[in-house]
Amino acid sequence: STWVDEVARVLAPGGVASFLDFSKPSNRLAGAVQYALLHVWGSLWGLLVHGDPRVYAYIADSLSAFPDRDEIAAVFARSGLELVERRRLFLGFIEVLVAKRARVVRE
């Protein structure tokens, strides 16, 4: 059971849930560029705000273990949730996902 399964379980038939997620590209080259930019950006803000560039550097590292956009869509589908809206923000680094549970639940 995954967290998406749990969302599908508690969401009413026809219900909608929204998520804000770091969006990992399916393309490896785009993913590598995104990782590098996110690492630099996180390090810069960690240095400026906290005096330590490592404070936010973990974000890029943890993102490398996340499923990519295609895998995320498959996880939602396997859980019985349809992604009815996907909107990328901040050059595709972040994505808004809106999922809807089917009105009729197939057991």
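**Reading a surface patch and the overall fold**

User: How many helices and strands are in the protein chain?

Analyst: This is a predicted model. The protein chain has 4 helices and 3 strands. Along the sequence, they follow the pattern α-β-α-α-α-β-β.

User: What is the radius of gyration of the protein chain, and what would a compact globule of 107 residues have?

Analyst: The protein chain has 16 Å. A compact globule of 107 residues would be near 13 Å. Now take the spans. Along its principal axes, the C-alpha trace covers about 50 × 30 × 25 Å.

User: Which percentage of the 107 residues counts as buried?

Analyst: Buried means under 20% relative accessible area. In the protein chain, 32% of the 107 residues count as buried. The chain exposes about 7200 Å², and carbon and sulfur atoms supply 61% of that area.

User: What percentage of contacts between residues at least 6 apart in sequence join residues at least 24 apart?

Analyst: In the protein chain, 58% of those contacts do.

User: Which residues form a nonpolar patch on the surface?

Analyst: The patch consists of Trp41, Leu44, Trp45, Leu48, Val49, Tyr56 and Tyr58. Together they have about 740 Å² of accessible area.

User: Where does the largest share of the nonpolar patch come from?

Analyst: Helix α2, residues 28-50, supplies 5 residues. Tyr56 sits in the loop between α2 and α3 (58-63).

User: Why does Tyr56 count as partly exposed?

Analyst: Partly exposed lies between the buried limit of 20% and the exposed limit of 50%. Tyr56 has 30% relative accessibility, so it counts as partly exposed.

How values were computed. Residues numbered from 1 in each chain as written. Predicted model: local features only at pLDDT ≥ 70, side-chain atom pairs only at ≥ 80, totals over all residues. Heavy atoms only, no water. Patch = residues over 30% accessible without salt bridge, like charges linked within 9 Å, V, L, I, M, F, W, Y side chains within 5 Å. Areas by Shrake-Rupley, 256 points an atom, 1.4 Å probe, with all protein chains shown as cover. Salt bridge = Lys/Arg side-chain N within 4 Å of Asp/Glu carboxyl O. Helix = DSSP H or I, 4+ residues; strand = E, 2+ residues; numbered from the N terminus. Buried < 20%, exposed > 50% of the residue type's maximum accessible area, 1.4 Å probe, protein only. Rg over C-alpha atoms; globule rule 2.2 N^0.38 Å. Contact = heavy atoms within 4.5 Å.
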